[in-house]
Amino acid sequence: MNGLRASVRAEAPEPVRSDGGPSVPDRNDPKRRKDPKRRRGYLLAAALVAPGALYLLLVFCSIVLLLLSYSFRTERTSRLFAPFDTGTWNRLLHDAYTADVLWTTLRVGATVAVLTVLIAYPVAWCLLRIRRWWLSGLLMFVVFSPILISVVVRSYGWILLLAPDGLLHGPLGSWLYHEPGVVLALVHVELPFAIVPLLGSIRSLPDGVLEAAADLGASPWRRLRSVLLPLTMPGVIASLQLVFALTVSAFATPSLLGGGRVAVLAQSVYQNIQQLQWPLAAAQALVLLGVALTVLATFNRLGRLADVRHRLPAAGQGEG
Amino acid sequence: MSVLTSRRVLAAVRALFLTATALFVLLPLAVVVVNSFRGATAAGGGAGLTLRWYREALSYEPFTTGLLYSTQVAVLATLISVVVGTMAAYAVARLDFPGREPLRSLFVAPLSLPRVVAGFCLFVLYASLFPAAYGTVGGIAFAHCLLLLPFVVAVVGAALAGLDPALEEAARDLGASPLAAFARITLPQIRPALLAATVFAFLTSFDEVDTSVFLMPADTTTLPVAMFLRLEQRQDPTVTAMSSLLIAGSLLLAALAAVAARRVAAALVHTPAPQGAHSP
C-alpha cells in the first residue's frame with residue numbers, strides 16, 4: 001500500500017508548495033478532485049480549520065447583529081428586546097459632544113501616527129545600519145522590550161513623570177490630563193509597532209541605489225527625498241496605518257493620561273456602559289468600528305498608490 | 001577632510017538621536033521602578049528606601065485576586081489559541097483545499113476590530129444571552145482568543161511556509177500516520193515559532209485591559225484592570241510596586257523564552273538539517 005503510494009508520487013512529482021501559488025492548476029483537474037485521498041485531505045483541512053473559523057464567524061456575526069440591534073433601541077436601556085427607536089442615532093448624529101469626541105479621536109490618532117513614524121523611521125534605519133552586533137542588539141532590546149510590559153504600567157510611568165513632583169513637570173508642566181500628555185504617552189506605546197513595517201521596507205531596499213545616487217552627485221537631502229523616501233513609502237504608509245488604527249481605538253492610555261478631560265471614542269463607549277446607556281454605547285462602538293475600518297481601507301489604497309517599485313524597472317531587476 | 005568632518009557630525013547626531021530615543025523609551029519604566037522603593041508618598045519629601053509598597057501591593061485584595069485571575073485567563077486563552085491557531089495555520093499552509101484565501105483573511109480580521117468594540121460586544125453578548133459567562137475566567141479567556149488567534153496563525157503560518165513540505169510527505173510515504181508525521185517531523189521544526197507565539201500570546205492576554213475591563217465586575221477582575229481602576233481613582237505607590245513586579249516578570253519570561261529558543265535552535269542545528277529545500 002505504502003509502496004503503491006510512493007510509486008504514484010514518483011510518477012507525478014508534486015510541485016513544492018510554499019504559499020499555495022504553484023499548486024493551483026492541479027485543483028481544476030477532475031481526476032484529482034475525485035481522488036479519495038484528496039477528498040480525505042479536504043476533510044482533514046475542514047476539521048483542522050473548523051474550530052477557529054467557526055469561533056471567529058460566531059463572534060463576528062454576533063458582534064454585528066448585537067451592535068446594530070442595540071443601537072436601534074431607546075437611549076437608556078440594557079435590554080435587548082426594548083422597542084425599536086431611532087432616537088439614539090438621531091442624537092448621535094446631531095450632538096455636538098459626539099462630534100467633538102470623534103474629532104478629538106481622529107486628531108489624536110493623526111498626531112500620534114505622524115510623530116511616531118517620524119521617530120520610528122530613523123530608529124529603523126539605524127537598527128539596520130549599525131554594524132556592531134551588540135549595539136544593534138541592545139537597541140533592538142530597548143526599542144522592543146516595552147511591548148512586553150502592560151500599557152497600564154507604561155501609562156502610569158508617564159503620569160509619574162508629568163505629575164507635579166515628576167521629572168518632566170518643569171518643562172512640560174501643563175501636559176498631564178491634557179491632550180499633549182495623551183499624545184506623548186501614546187507615541188511611547190505605539191513606537192515598537194511603527195518600527196516593524198519600516199524595518200521590512202528599508203531592508204528590502206534594492207542594493208546600492210543610495211550609493212548610485214551619491215555617485216551621480218545627489219546631495220544627502222536629495223537622496224532622502226528622491227530615492228529613499230519614495231522607495232520606502234509603502235512601509236511608511238503601513239506604519240502610519242497601524243499606528244493610526246491602534247491609536248483611534250486606544251482606551252487605557254487616553255483614560256489615564258487624559259484624566260477624564262480628553263474624551264475619545266473608546267472611553268466614551270466605556271462610560272456609556274457604566275451609565276447604562278447601552279444603545280448609545282453600541283452606536284458609538286459602530287462609529288468607532290467604522291472609523292477603524294475606514295482608516296485601514298484608506299491607507300491600503302494609499303499604500304498601493306505609493307508603491308513605486310513596479311514603475312522602476314532597474315529596481316525590480318536588482319531585487320531578483 | 002570636509003567629508004570626514006561631516007561624517008563625524010552625522011555620527012554624533014545619530015548617537016544623540018539614539019540616546020534620546022532610548023531615554024524616551026526607558027524613562028517611564030525606570031521612574032515606575034524607582035518610585036516603588038521611595039520612602040515617602042508623593043508630596044511628602046521624606047527620603048530612604050522601603051519595601052513597604054511591595055508588602056501593601058501583595059496584601060491588597062484586588063491585586064492578589066487579579067494576579068490569580070490574570071494567570072488563569074492567560075494560561076487558558078494561550079492554550080486554546082495556540083492549539084486552535086496552529087491547527088488552522090497548518091491547514092491553510094499545507095493542505096490544498098478550496099476557500100483558503102477567504103480563510104486566511106478571516107483569521108487576520110480580528111486585528112482590524114478595535115479591542116474596546118470587541119470587549120463591549122462580548123459584554124453585551126454575555127449580559128443579554130449568556131449571563132453565566134460574565135465575570136468568569138472562561139468568559140474572558142474566550143474573548144481573549146479573538147485577540148490571540150491572528151497572532152498565532154501569523155507566526156506559526158510564517159514558520160510553516162518556510163519549511164519544506166517534502167520532508168513530511170516523505171515520512172507519510174514511509175508509513176507514518178498524519179499525526180505522527182506532524183509530531184515527529186514538522187513540530188520540532190516549528191518549535192521556536194510556537195514558543196514565540198505562546199510567550200507573546202500569554203503576555204498579551206495577561207496584560208489585556210481594553211476587552212477585560214468590560215467582562216468582569218470592578219471588585220474582582222484581572223490584575224491590569226484592577227491597576228487601571230485603582231489609578232483612575234488616585235495615584236498611589238502600591239501600583240508602582242505591582243507594576244515593578246510585572247516589569248520584572250515580563251522580562252524574566254522573555255529571557256527564559258530567549259534561552260529556550262536558543263536551545264531549540266541549537267538542537268535543530270545539531271540534528272541533520274533539511275537539505276536542498278525549496279528556493280522560490
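This report covers the two chains of a predicted model, their interface and their annotated spans.

Residues are numbered from 1 along each chain as its sequence is written, and chains are lettered from A and ligands numbered from 1 in the order in which they are written. Local features need pLDDT of at least 70, side-chain atom pairs count only at pLDDT 80 or more, totals for chains, interfaces and linings use all residues, and side-chain values use heavy atoms, with hydrogens and water left out.

**Confidence**

The model scores ipTM 0.84 and pTM 0.82. pLDDT is the predictor's confidence in each residue, from 0 to 100. Chain A averages 80, and 82% of its residues score at least 70. Residues 1–27 of chain A stay under 50. That stretch has 34 contacts (heavy atoms within 4.5 Å) beyond four places in sequence. Residues 315–320 of chain A also fall below 50, with three contacts beyond near neighbours in sequence.

The mean pLDDT of chain B is 84, and 90% of its residues reach 70 or more. Helices here are DSSP runs (H or I, at least four residues), as are strands (E, at least two), numbered from the N terminus. In chain B, confidence is highest in helix H3 (residues 61–94), at a mean of 92, and lowest in helix H11 (residues 237–270), at 83.

**The interface**

The contact takes 83 residues from chain A and 82 residues from chain B. The size of an interface is often given as the accessible area lost when the parts come together. Here that buried area (1.4 Å probe, summed over both parts) is about 7400 Å², with 78% of it on carbon and sulfur atoms. Helix H4 (residues 36–71) of chain A gives the largest share of the side of chain A that touches chain B, 22 residues. The residues of that side divide into 61 nonpolar, 13 polar and nine charged.

**Salt bridges**

A salt bridge is a side-chain nitrogen of Lys or Arg within 4 Å of a carboxyl oxygen of Asp or Glu. The count between chain A and chain B is zero. Over all chains, the structure holds five. One of them joins Arg107(A) and Glu179(A) at 2.7 Å, N to O. The pair links distant parts of the chain: Arg107(A) sits in helix H6 (residues 96–129) of chain A and Glu179(A) in helix H9 (residues 179–203) of chain A, 72 residues apart.

**Annotated spans**

UniProt positions use the numbering here, feature names are shortened, and annotations may be inferred rather than shown by experiment. The annotation "domain: ABC transmembrane type-1" (unreviewed entry) covers residues 67–257 of chain B.

| Span | Helix | Strand | End C-alpha distance |
|---|---|---|---|
| Residues 227–252 of chain A | 88% helix | 0% strand | 39 Å |
| Residues 278–299 of chain A | 100% helix | 0% strand | 31 Å |
| Residues 113–134 of chain B | 64% helix | 0% strand | 21 Å |
| Residues 238–261 of chain B | 100% helix | 0% strand | 35 Å |
| Residues 67–257 of chain B | 79% helix | 0% strand | 21 Å |

How values were computed. Buried area is the accessible area (1.4 Å probe) that two parts lose on being put together, summed over both. Ala, Val, Leu, Ile, Met, Phe, Trp, Tyr, Cys and Pro count as nonpolar, Asp, Glu, Lys and Arg as charged, and the others, Gly among them, as polar.
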